[in-house]
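Hi,

Here is the structure I promised to pass on to you. Have a look at it first, and then read on for what turned up.

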Amino acid sequence: MKNRIKELREQQGLSQGKLAEMCRVSRQTINAIENNKYDPTLELAFRLAKVLRVKVDELFFPDEK
């Protein structure tokens, strides 16, 4: 599963640390999600979508290999 979190975060001028704070997780968690090393829980996915002001299905998409 790929995501657009880094792109949307940067468009809104948020650092990884600030996004992490707003979502109540560590900066390392945001980094791992952005680098496709960790899939967030459904709860965290909804928090990310809310903070980034998009729908959850706009954040994630299949990794087509």
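I'll begin with the lining of the largest cavity: by class, it has 5 nonpolar, 2 polar and 1 charged residues. Please keep in mind that this is a predicted model. The residues around that cavity are Met 1, Asn 3, Ile 33, Asn 36, Tyr 38, Asp 39, Pro 40 and Phe 60. Its volume comes to about 30 Å³, and the structure holds 1 cavity of 30 Å³ or more.

Next, the annotation. The unreviewed UniProt entry puts a feature called "domain: HTH cro/C1-type" at residues 5-59. Across residues 5-59, the chain is 69% helix and 0% strand, with the end C-alpha atoms 6 Å apart.

Now to the nonpolar core. There are 17 residues in the largest one, and Ile 5, Leu 19, Cys 23, Leu 48, Leu 52 and Leu 59 have the most contacts inside it. At least two residues of this core come from each of helix H1 (5-11), helix H2 (16-23), helix H3 (27-34) and helix H4 (42-52). H4 gives the largest share, with 6 residues.

Happy browsing, and best wishes

Technical notes:
Residues numbered from 1 in each chain as written. Predicted model: local features only at pLDDT ≥ 70, side-chain atom pairs only at ≥ 80, totals over all residues. Heavy atoms only, no water. UniProt positions renumbered as here; feature names shortened; annotations may be inferred. Helix = DSSP H or I, 4+ residues; strand = E, 2+ residues; numbered from the N terminus. 1 Å grid on protein atoms, 1.4 Å probe; cavity = no way out; pocket = protein on both sides within 12 Å on 5 of 7 lines; lining within 4 Å. Points joined across faces, edges and corners; volume = space filled by probe spheres on them. Nonpolar A, V, L, I, M, F, W, Y, C, P; charged D, E, K, R; others polar. Core = buried A, V, L, I, M, F, W, Y, C linked by side-chain atoms within 4.5 Å. Buried < 20%, exposed > 50% of the residue type's maximum accessible area, 1.4 Å probe, protein only.
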